[in-house]
Amino acid sequence: MEAWYHQHGAALLLFGIALTGDPGRSQDALHQVFLRLLDQRRVEPVADIRTYLFTALRNSILNEVKRRSRDVPMDAEETALFESPNRDYVEELSLRRALAKLPDDQRQVTVLHIWGGLTFAQTAEVLGINANTAAARYRYALTKLRESLSARREEDVHARPDG
Amino acid sequence: MHDPMDDDHQLELYLKRFRPLPPEPLLLPLPLPQREGPWSVFALRAGAVAWAVATTVLVLLLIPQFRHVPATPVGAEPITAGKANAMLVHAASWKEMIDDAGFAFRPPVKRMEPGRQSALEFLSQEELSK
């Protein structure tokens, strides 16, 4: 159980943030999922534990959203979400902002496929949608991400004194 | 240089270079003590009682003072505070009272059959004539 937390925790947390827009709530939901699993002391045999964990987290968050009957938009400014390569915090912030701009359903598919490592079939299972729909949402998301990140790059180039 | 934004595959590789931050450590609740079944509780208690009994018996066997309790001589009168006080009143001195107490509370001498004499009595007779 602990190994799963270490192995998939980061992607699960990111998926939780993609769903709720709130790192604190995602963290709480993630802990709830694992504490419930520990309380049960055993997990029903599942073919794919990754898909199972992402689905459990999504259900937990959706139940909590129903209780609260409101949601908050993803806050890209507050908290870092990624370990940036080369410690480039501007790039990390650009990615956060680009993700925050995506529609919720596209953001969820992107996180599950890129950082969760799920196939489109698994992603579709977690989100309760068709695999083709998942793939289509992903393609739309990539296009928007590319636009956002390229625009940010151009802004950075123009902002440099020598550029 | 190839721009990672140019095609989907390169963009995917670029995005995967960012690794999501790990969550906070999972705070596990302390494990609850497992409930013992009735048989295991019974076995534990029986074991403890058996151990205590065995230890007691061993101590009684090994320590001599527990093995032999000196019996009070039959017929001997116990020295009470009252009797000692009365003797002190009649005695000439403290030492004399102490000397007399040894005889006064001595168990009565067992009478021998006629014609026989105890070795102790014989040896204790003083030959005053000498």
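Predicted model: local features only at pLDDT ≥ 70, side-chain atom pairs only at ≥ 80, totals over all residues.
Reader: Let's start with the layout. What pattern do the elements of chain A follow from the N terminus on?

Author: Chain A runs α-α-α-β-α-α-α-α, with seven helices and one strand. Chain B has six helices and one strand, in the order α-β-α-α-α-α-α.

Reader: How much of each chain is buried?

Author: In chain A, buried residues make up 39% of the 163 residues. For chain B the figure is 4% of 130 residues.

Reader: And what should I look for in the buried part?

Author: Here's the general idea: in soluble globular proteins, nonpolar side chains tend to be buried together. In this model, the largest nonpolar core has 44 residues. Leu12(A), Leu14(A), Phe15(A), Phe54(A) and Leu57(A) have the most contacts inside that core. Two or more core residues come from each of helices 1 to 7 of chain A, and also from helix 1 (8–16) of chain B. Helix 1 of chain A gives the most, with 10 residues.

Reader: Can we zoom in on one of those? Where is Leu12(A) placed, and is Leu12(A) buried or exposed?

Author: Leu12(A) sits in helix 1 of chain A. A residue counts as buried when 20 or more other C-beta atoms lie within 10 Å of its own. Leu12(A) has 28 of them within 10 Å, so Leu12(A) is buried. Setting aside residues up to four places away in sequence, Leu12(A) touches Leu30(A), Leu53(A), Phe54(A) and Leu57(A).

Reader: How far apart are the C-alpha atoms of Leu12(A) and Leu112(A)?

Author: They are separated by 8.5 Å, though the two residues are 100 residues apart along the chain. For chain A as a whole, take the contacts with a separation of 6 or more: residues 24 or more positions apart account for 66% of them.

Reader: Leu112(A) brings us to helix 5. How do I check a helix like that?

Author: At 1.5 Å a residue, the 12 residues of helix 5 of chain A should span 16 Å, and the end C-alpha atoms are 16 Å apart, so the two agree. As for burial, 10 of the 12 residues are buried, so helix 5 is largely enclosed by the rest of the structure. Among them are Arg107(A), Gln108(A), Val111(A), Leu112(A) and Trp115(A). After helix 5 comes Gly117(A), with a positive phi near 70 degrees.

Reader: Which residue of chain B is in contact with Leu14(A)?

Author: That's Pro20(B). Beyond its neighbours within four places in sequence, Leu14(A) is also in contact with Leu81(A), Val111(A) and Trp115(A).

Reader: Each chain has a strand. In what sense do strand 1 of chain A and strand 1 of chain B pair?

Author: They pair in the antiparallel sense, over two bridges. In one of these pairings, Glu83(A) has Arg19(B) as its bridge partner.

Technical notes:
Residues numbered from 1 in each chain as written. Chains lettered and ligands numbered in written order. Core = buried A, V, L, I, M, F, W, Y, C linked by C-beta atoms within 7 Å. Helix = DSSP H or I, 4+ residues; strand = E, 2+ residues; numbered from the N terminus. Contact = placed C-beta atoms within 7 Å. Pairing = 2+ DSSP bridges. Expected span 1.5 Å × (residues − 1).
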